[in-house]
Amino acid sequence: MDIPAEMLLQSHVGELHLLPALPKAWADGTVRGLRGRGGYTADLRWAVGKLREAELVTSHAGVCRLRVPHAAKHVVYGQDGAPIETALTDYGSAEFHAQKNMRYRIALL
């Protein structure tokens, strides 16, 4: 089955929406190298139809807004492994200040 990349990552309206329309037939899986607007490359891992972990690599500095499915609680870790402070927006996404050429890991709790 061919899956359009936008079913796994959407990057319009100024945020990265992770697994917005995951097909039920893909209960478990991974994808690497999805490109999002704003200079982000994403690797995603999911199980039982829910996002478990994501890794973002940035090519530009700026505010990164994430929308995670199922209103999951998550922690963003910097390249050094330390947690990054995030703020919740009025629209239910989380945001943090991303540095250029850095790797961030999003772990779902």
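**The whole chain**

Trace the protein chain from the N terminus: its elements run β-β-β-β-β-β-β-β-β-β-β. The count is zero helices and eleven strands. The radius of gyration is 13 Å, close to the 13 Å that the globule rule gives for 109 residues, so the chain is as compact as a globular protein of that length. Keep in mind that this is a predicted model.

Now show the C-alpha atoms. They fill a box of roughly 35 × 30 × 25 Å along the principal axes. Among contacts between residues at least 6 apart in sequence, 51% join residues at least 24 apart.

**Surface and charge**

The accessible area is about 6,500 Å², with 51% belonging to carbon and sulfur atoms. Of the 109 residues, 39% count as buried. Next, colour by charge: the mean positions of the 13 positive and 11 negative charges are 2 Å apart.

**The aromatic pairs**

How many aromatic pairs does the structure hold? Two.

Select Trp26 and Trp46. Their ring centres are 6.3 Å apart and their planes lie at 10°, under the 30 degrees cut-off, so the pair is stacked. Trp26 sits in the loop between strand S2 (16–18) and strand S3 (29–36), while Trp46 is in strand S4 (residues 40–47), 20 residues apart. Trp26 is partly exposed at 28% relative accessibility. Trp46 is buried at 2%.

Move to Phe96 and Tyr104. Here the ring centres are 5.0 Å apart and the planes are at 55°, so this pair is tilted. Phe96 is buried at 4% relative accessibility, and Tyr104 is buried at 3%.

Definitions and conventions. Residues numbered from 1 in each chain as written. Predicted model: local features only at pLDDT ≥ 70, side-chain atom pairs only at ≥ 80, totals over all residues. Heavy atoms only, no water. Helix = DSSP H or I, 4+ residues; strand = E, 2+ residues; numbered from the N terminus. Rg over C-alpha atoms; globule rule 2.2 N^0.38 Å. Buried < 20%, exposed > 50% of the residue type's maximum accessible area, 1.4 Å probe, protein only. Contact = heavy atoms within 4.5 Å. Areas by Shrake-Rupley, 256 points an atom, 1.4 Å probe, with all protein chains shown as cover. Lys, Arg positive; Asp, Glu negative; His and termini not counted. Charge placed at Lys NZ, Arg CZ, Asp CG, Glu CD. Phe/Tyr/Trp six-rings, centres within 6.5 Å; stacked < 30°, edge-to-face > 60°.
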